[in-house]
Amino acid sequence: MKIPFVTFLPMEKELNSDIREAFDRVFTRSWYIEGEEDEAFERAFAEYCGVKYCVGVGNGLDALMLALKALGIGEGDEVIVPSNTYIATALAVTYVGATPVFVEPDIRTFNINPELIDAAVNEHTKAIMPVHLYGQACDMDLIMSIANKHGLKVVEDCAQAHGATYKGKKVGTFGDAAGFSFYPGKNLGALGDAGATVTNNKELADKIRALGNYGSDYKYHHIYKGNNSRLDELQAAFLVAKLPHLDKMNVERRRIAQLYTEGIRNPKVITPFVPDYSVPVWHIYGIRCKERDALEKHLNDKGIGTNKHYPIPIHLQDCYKDMNIPKGALPIAEEISATELSIPMYFGMTDEEIQYVIDSINEF
């Protein structure tokens with residue numbers, strides 16, 4: 001049996017008519033930037049998240065970077081980020097001229113360990129950027145209490161967590177702002193690059209919008225040295241078509257995850273841990289195994305697609321060599337990088353395919 005790591009075909013088949021209608025609507029209107037579709041999506045996504053404002057931007061990295069920039073974070077400042085995350089989290093900090101400060105994750109959840117944040121705070125610290133990795137909520141009560149204690153801003157990285165909840169409340173609603181990615185592979189994905197920043201602060205939302213539009217508050221009037229990062233009408237229209245289906249698809253991901261967790265019984269394999277406060281949306285279902293590479297080969301030989309998130313931690317990437325963080329300095333991030341294996345997780349998997357993955361892991 002051949003099972004890809006991910007495929008969009010079942011979803012695309014179900015949404016085919018909605019997507020084509022969205023394209024025709026934009027093409028017929030012949031308006032491609034900052035139009036009705038963008039406004040419609042921003043309203044709908046803000047309502048979905050439970051916030052007042054949503055600003056569409058070009059991608060998830062820009063969603064984070066523009067939030068930091070709008071909050072006044074820059075040269076000489078430090079932002080606390082998890083040591084185990086996709087590089088975009090750190091790059092957003094770097095792009096505004098600040099320094100990312102890595103804090104280790106909880107090995108059980110892969111998310112930043114709030115109990116380690118206090119020790120990383122100093123007079124240069126201006127913000128915390130928690131990442132709801134793989135679609136699982138961070139412990140936001142603890143993170144917000146630390147931020148409030150030290151007067152820090154909080155920008156949530158929700159790039160993998162569309163619809164995830166913490167104690168019944170959607171992620172992205174706790175901090176000063178939150179960034180979402182709509183890269184095609186995300187739970188809510190566009191058909192190209194797209195992103196959004198959400199917030200309950202109108203002044204902040206207006207500044208983010210201006211910064212993403214060349215620093216302009218109205219045509220040819222520039223109040224900031226801004227960027228070019230706007231959600232185009234086509235991608236907004238596709239997202240408008242997809243958003244009403246997101247919860248149903250997240251429910252299916254939870255069903256698959258539950259079958260995996262209940263079915264995988266190989267003592268060599270550690271399945272994800274879910275705290276009581278979190279209802280994940282399972283963008284990624286990542287298992288851990290000391291013999292990760294051998295397990296990956298075993299699954300690939302059986303026709304099962306896999307991925308690794310992420311095989312090289314950020315502090316050991318060539319582009320961050322200038323931080324001079326040696327190997328071994330962040331052992332939990334390095335442990336996850338060496339042992340994590342992502343297995344197929346997508347809307348439309350059949351029970352037969354799910355069972356085949358489970359059986360193949362158990363026979364390793």
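**View 1. Helix α3 is mostly covered in this predicted model.** The helix runs over residues 60–70. Of its 11 residues, 10 are buried. They are G60, L61, D62, A63, L64, M65, L66, A67, L68 and A70. Buried here means under 20% relative accessible area.

**View 2. The buried residues of α3 pack against both strands and helices.** The strands are β1 (53–57), β5 (153–157), β8 (177–181) and β9 (195–199). The helices are α4 (87–95) and α6 (202–211).

**View 3. N59 caps the N-terminal end of α3.** A side-chain oxygen of N59 sits 3.1 Å from the backbone nitrogen of L61. L61 is itself one of the buried residues of the helix.

View 4. Buried residues make up 57% of the chain's 364 residues. Among contacts with a separation of 6 or more, 70% join residues 24 or more positions apart. The C-alpha trace spans about 65 × 55 × 35 Å along its principal axes. Why does a radius of gyration of 20 Å agree with a compact globule? A compact globule of 364 residues would have a value near 21 Å, so the two agree.

**View 5. The surface and charges of the protein chain.** The chain exposes about 15900 Å². Carbon and sulfur atoms supply 52% of that area. There are 37 positive and 50 negative side chains. The centres of these two sets lie 1 Å apart.

Terms used:
Residues are numbered from 1 along each chain as its sequence is written. This is a predicted model: local features need pLDDT of at least 70, side-chain atom pairs count only at pLDDT 80 or more; totals for chains, interfaces and linings use all residues. Side-chain values use heavy atoms; hydrogens and water are left out. The radius of gyration is taken over C-alpha atoms; the globule rule is 2.2 Å times the number of residues to the power 0.38. Buried means under 20% relative accessible area, exposed over 50%, partly exposed in between (1.4 Å probe, protein chains only). Contact means heavy atoms within 4.5 Å. Accessible areas come from the Shrake-Rupley method with a 1.4 Å probe; for residues, only the protein chains shown count as cover. Lys and Arg count as positive and Asp and Glu as negative; His and the chain ends are not counted. The place of a charge is taken as NZ of Lys, CZ of Arg, CG of Asp or CD of Glu. Helices (H or I, at least four residues) and strands (E, at least two) are DSSP runs, numbered from the N terminus. A polar contact is a pair of N or O atoms within 3.5 Å; within protein, one must be able to donate a hydrogen and the other to accept it, and residues adjacent in sequence count only if both atoms are side-chain atoms.
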